[in-house]
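Take a look at the sequence and the structure shown here.

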Amino acid sequence: MSGLKLRNVKKSFGAVDVIKGVDLDIEDKQFVVFVGPSGCGKSTLLRMIAGLEQISSGDLFIGDKRMNDIDPAHRGIAMVFQSYALYPHMTVRENMGFALKFAGRPKDEIARRVDEAARILELGKLLDRKPGQLSGGQRQRVAIGRAIVRHPDVFLFDEPLSNLDAELRVHMRIEIARLHKELNTTIIYVTHDQVEAMTLADKIVVLRDGIIEQAGSPLELYDDPNNLFVAGFIGSPKMNLLTGTVEAGGIRLADFPNDLIPSPIAIPAGTAVTVGIRPEHFDPTGTAALDTSVEIIEHLGGETYAYARGTGSNLLTIATDNNRTLKTGDRYQARFNPASLLVFGRDGKRLR
Amino acid sequence: MSNPLALIGRIATYLLLTVAAFVSVFPFLWMVIGATNLSADIIRGKVTPGGALLQNISVFFSSVDMPRILFNSFLIAGLGTALTLLVSSLAGYGFEMFRSKVREKIFAGLLLMLSIPFAALMIPLFIMMANFKMINTYQAILLPTVASIFIIFYFRQATKAFPHELRDAARIDGLKEWQIFLYVYMPVMRSTYAAATIIVFMANWNNYLWPLIVLQTNEMKTLTLVVAGLTSAYTPDFGVIMVGAIFATLPTLIIFFLLQRRFVEGMLGAVK
Ligand SMILES: Nc1ncnc2c1ncn2[C@@H]1O[C@H](COP(=O)(O)OP(=O)(O)O)[C@@H](O)[C@H]1O
Ligand SMILES: [Mg+2]
């Protein structure tokens, strides 16, 4: 019952346009991740949904109700902040019950809901501590607990894990995924970390400079990016992007003047293009090849990455199918199947 | 302590601190000793405790209407402090939390006004109070001080450490702006309030020039005025003056020791 609809939503701070017209549909119970480089407007968009920033123009619907002018407290949302924003002078219990107390709920109901959230997040032992006496991970859980207690229709998370160390981040990521299953509500989650986006999302919304570059499931974005930006942003290690020109028999890459590679699609000769291939799409059994020289080898145990180049200075990242004998300075035939190539025009749009 | 240079440095530090401690404590000590001596002994330069304390105290109480004077002093200093903190912290909060095009201009204008000496404001202020028919009232003392530019500035600086996300969280929790101020900002900033309390209370308690001008009848006078008035007698009794000075110093001392820890935190700008 609580999907969201954004219709041509815009935001400007004075003369600066930060959100430049966003149209988006979020289904009930979906886990949606806003991802994009820092400063692209993710937090601003989230805060507009929360009601913390006025919407300059356009419409926001939560459920069927237009929410543009509704108070944050009455939008059926709860938010978890990057800095946790726990009230430092209150105990964990008071922090979690504060909104309910303010809404005038009876004491026993508050206690019951706080205890319920504490059970879900295993916060029982911490209830009488102050935030200052908690570790980063514990504060994070309290912040989530404070959101849960309100029984919101929509959870909003703004980079909730970015203040945690790497190990805890992975742990909390799994925790949040579990929470989504357990609470069964809509979640909108902001991050600049595409791994977080890939692992958590039902639907990823890639933002850049206040517009949506592409929205879709993680694998849609991975397999079928609409433009160079999304192709480069989604996936780790990053997709290799090489400039070239289309000739009669295929594409000639600037860095590999001696290899004419077959084009996966029909493009008029003379077109300037950028070709993308993911490191993991190199395949020793592939039918096409690039002749490279290896600069750096990275052994991860399960996989071996080679950083190699042609005549230019760009390093290609190549998954070598765990080739453990490869050495720096070797010549390496980076083979691949032409079908796994993605081709983009010079304007960055995908050519299909 | 193997390094002789470090040792010398340490000794120098201690010497310096000892001198500084002596300089700051001596007047206080002298005041307390003076209260136990007769005026004649004090003039002679006696610096050992004497036996005239009770006599000095009884003379002081017989020449001064203490209950009334203390009431005036505490009312003016206490209410003045409460009002100043409320008004000035509201202003500091507003200046820091809300963006506006003219914000910095207004603030710069305020700071500029700090450079106008009180002596230049005194006469226009007096005429203003006279027009309002407020001469010789408590309002005349309180009103000009409640919006303290220095305290506004101090609160604005301290508020820079107050996380905006705390205000956002409170808004989502359903608090109105004044409730955020009351239930989140004020408790979080309590160290700042403590430090400001000491500063403002002391300033109000010791305020001399302006009360001297607008408080004109004896039953309106503050302790500071009365003690100062004792010195202008034909033959000032220094023992009695010292007793008065002790009473005049005591409240600020007590407040300082009560709030000392918070004062230091507040000066360091700690938001915990
Ligand atoms: N209150 C504000 N006033 C003016 N500019 C702002 C304000 N908030 C954000 N911005 C600007 O909007 C842009 C997007 O910010 P933000 O949404 O925080 O980015 P992100 O969360 O994606 O890193 C930034 O360039 C930022 O400087
Ligand atoms: Mg952000």
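## A salt bridge between two domains

Asp224(A) and Arg350(A) join their side chains in a salt bridge, with 2.7 Å from N to O. This is a predicted model. The two residues matter for the layout of chain A, which splits into domain 1 (4-225) and domain 2 (240-351). Between domain 1 of chain A and domain 2 of chain A, the count is one salt bridge. On the side of domain 1 of chain A that touches domain 2 of chain A, three residues are nonpolar, none is polar and two are charged.

How far apart are the C-alpha centres of domain 1 of chain A and domain 2 of chain A? They lie 39 Å apart. Five residues of domain 1 of chain A and six residues of domain 2 of chain A take part in the contact. Together the two domains of chain A bury about 410 Å², with 38% of it on carbon and sulfur atoms. Four residue pairs are in polar contact between domain 1 of chain A and domain 2 of chain A, counting pairs with both residues at pLDDT 80 or more.

Now turn to the interface between the chains. The size of an interface is often given as the accessible area lost when the parts come together. For chain B and chain A, the buried area is about 1700 Å². Carbon and sulfur atoms give 63% of that area. Which three residues supply more than any others of the area that chain B buries against chain A? They are Glu165(B), Ile172(B) and Asp173(B), which supply 42% of it. In terms of contacts, 17 residues of chain B touch 24 residues of chain A.

The interface of chain B and chain A holds two salt bridges. One of them links the side chains of Asp168(B) and Arg47(A), at 2.7 Å from N to O. Two elements of chain B give two or more residues each to the side that touches chain A: helix 9 (164-172) and helix 10 (177-188). Helix 9 of chain B has the largest share, with seven residues. By class, this side of chain B has nine nonpolar, two polar and six charged residues.

## The overall build of chain B

How many helices and strands does chain B have? The count is 14 helices and zero strands. Read along the sequence, the pattern of chain B is therefore α-α-α-α-α-α-α-α-α-α-α-α-α-α. The C-alpha trace of chain B spans about 70 × 70 × 35 Å along its principal axes.

## The site of ligand 1

Which residues surround ligand 1? From chain A come Phe13(A), Val18(A), Ser38(A), Gly39(A), Cys40(A), Gly41(A), Lys42(A), Ser43(A) and Thr44(A). The site is shared between chains, because residues from chains A and B surround ligand 1.

A backbone N or O atom of Gly41(A) is 3.0 Å from an oxygen atom of ligand 1. Ser43(A) places a polar side-chain atom 2.6 Å from an oxygen atom of ligand 1. From chain B, an N or O atom in the side chain of Arg99(B) is 3.5 Å from a nitrogen atom of ligand 1.

Most residues other than glycine have a negative phi, and most peptide bonds are trans. Two places in chain A are worth checking against that background. Lys29(A) is not a glycine, yet its phi is positive, at about 70°. Lys29(A) sits in the loop between strand 2 (16-26) and strand 3 (31-35) of chain A.

The other place is a peptide bond. From Ser236(A) to Pro237(A) the bond is cis, with omega near 0°. Where is Pro237(A)? Pro237(A) lies in the loop between helix 8 (228-233) and strand 11 (240-247) of chain A.

Methods
Residues are numbered from 1 along each chain as its sequence is written. Chains are lettered from A and ligands numbered from 1 in the order in which they are written. Side-chain values use heavy atoms; hydrogens and water are left out. Domain bounds come from an automatic or database domain assignment. Contact means heavy atoms within 4.5 Å. Buried area is the accessible area (1.4 Å probe) that two parts lose on being put together, summed over both. A salt bridge is a side-chain nitrogen of Lys or Arg within 4 Å of a carboxyl oxygen of Asp or Glu. A polar contact is a pair of N or O atoms within 3.5 Å; within protein, one must be able to donate a hydrogen and the other to accept it, and residues adjacent in sequence count only if both atoms are side-chain atoms. Ala, Val, Leu, Ile, Met, Phe, Trp, Tyr, Cys and Pro count as nonpolar, Asp, Glu, Lys and Arg as charged, and the others, Gly among them, as polar. Helices (H or I, at least four residues) and strands (E, at least two) are DSSP runs, numbered from the N terminus. A residue is near a molecule or strand if one of its heavy atoms lies within 4 Å of it.
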